[in-house]
Amino acid sequence: LDTLEKWVTEIFSEIPNNGLPKPSFGHLTQPFDTPEFHKLYKVVPIRKVHSLSITWALPPQEQYYRYSGAAFYLFWALALYGGNGETGFEQNSTYSIFSISVTLTDEGYKHFYEVAHVVFQYVKMLQKRGPDKRQVIWEEIQKIEANEFHYQEQTDPVDYVESLCENMQLFQKEDFLTGDQLLFEYKPEV
């Protein structure tokens with residue numbers, strides 16, 4: 001640790017701190033207000049996998065990272081995941097990307113319009129009903145995320161440092177290591 005601290009000091013001490021806050025681009029509203037955004041794109045994958053991804057641009061959600069996190073897991077589908085990404089492209093001061101991704105079976109691929117219809121029906125139901133008040137489900141997801149964090153495989157150091165640098169731009173100091181992986185507080189209104 002002492003050696004690493006010495007290297008970091010030697011390498012990064014010459015970088016000046018201008019004392020300015022990180023830039024905000026919140027004034028740039030509707031970044032995806034183009035005809036190209038409201039389209040269906042079919043892409044031929046390199047490996048044999050069928051996936052349906054539906055993506056929405058939302059107002060910035062980065063300030064809610066301590067409360068967010070909803071991963072939800074059909075005959076035509078093998079897996080389903082929905083949520084906000086944590087990278088700079090998917091989460092910034094202009095917008096946040098919310099995606100629902102469904103890994104389809106071969107049969108599901110033949111019926112991807114119907115799968116998309118079911119996803120939109122479910123989103124419409126959530127809009128009408130509002131957030132689920134059952135904290136027990138949130139606590140279960142919180143425990144799963146904590147287990148995945150504590151028992152994660154070691155990553156490549158370069159990737160880890162890159163991830164930490166991104167986290168330093170997004171999270172409070174005490175959450176640099178965990179802000180993109182753990183759930184902290186239950187707030188259904190968020």
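User: In what order do the elements of the protein run from the N terminus on?

Analyst: This is a predicted model. From the N terminus, its elements follow the order α-β-β-β-α-α-α-α.

User: And how many helices and strands does the secondary structure come to?

Analyst: The count is 5 helices and 3 strands.

User: What do the strands form?

Analyst: They make an open sheet, ordered E1-E3-E2, with antiparallel pairing. Strand E1 (50–58) and strand E2 (77–84) are the edge strands, and each of them pairs on one side only. On average, neighbouring strands of this sheet are turned by 10° against each other, direction ignored.

User: Which helix packs on the sheet?

Analyst: Helix H3, residues 112–129, packs there and touches E1 and E3. The direction of H3 makes about 35° with that of E1.

User: Back to the strands. How many bridges join E1 to E3?

Analyst: E1 and E3 run antiparallel and are joined by 9 bridges. E2 also pairs with strand E3 (residues 96–104) in the antiparallel sense, over 7 bridges.

User: What stands opposite Ala77, and what stands opposite Gly82?

Analyst: Ala77 has Leu104 of E3 opposite. Gly82 has Ile100, also in E3, opposite.

User: Now Ser51. Where is its place?

Analyst: Ser51 belongs to strand E1, and Thr103 in E3 stands opposite Ser51. Leaving out residues up to four places away in sequence, Ser51 touches Ser101, Val102, Thr103 and Leu104.

User: Is Ser51 buried, exposed or partly exposed, and why?

Analyst: Ser51 has a relative accessible area of 46%, so it counts as partly exposed. That class covers values between the cut-offs of 20% for buried and 50% for exposed.

User: Buried or exposed, and why?

Analyst: Thr94 counts as buried because its relative accessibility is 15%, and buried means under 20%. Residues up to four places away in sequence aside, Thr94 touches Phe25, Leu28, Pro31 and Pro60.

User: What about the whole protein: how much of it counts as buried?

Analyst: The protein has 190 residues, and 22% of them count as buried.

User: Let's switch to pockets. What volume does the second largest pocket have?

Analyst: The volume of the second largest pocket is about 890 Å³.

User: How many residues line it, and which lie nearest its centre?

Analyst: The lining of the second largest pocket has 28 residues. Leu40, Tyr41, Leu52, Ser53 and Ile54 are the ones nearest the centre.

User: Which elements give two or more residues to that lining?

Analyst: Those elements are E1, E3 and H3.

User: And which gives the most?

Analyst: E1 does, with 7 residues in the lining of the second largest pocket. E1 is also one of the edge strands of the sheet, and H3 touches E1 as well as E3.

Note on methods. Residues numbered from 1 in each chain as written. Predicted model: local features only at pLDDT ≥ 70, side-chain atom pairs only at ≥ 80, totals over all residues. Heavy atoms only, no water. Helix = DSSP H or I, 4+ residues; strand = E, 2+ residues; numbered from the N terminus. Buried < 20%, exposed > 50% of the residue type's maximum accessible area, 1.4 Å probe, protein only. Pairing = 2+ DSSP bridges. Axes fitted to C-alpha atoms, helices over the stretch in contact; angles between N-to-C directions. Contact = heavy atoms within 4.5 Å. 1 Å grid on protein atoms, 1.4 Å probe; cavity = no way out; pocket = protein on both sides within 12 Å on 5 of 7 lines; lining within 4 Å. Points joined across faces, edges and corners; volume = space filled by probe spheres on them.
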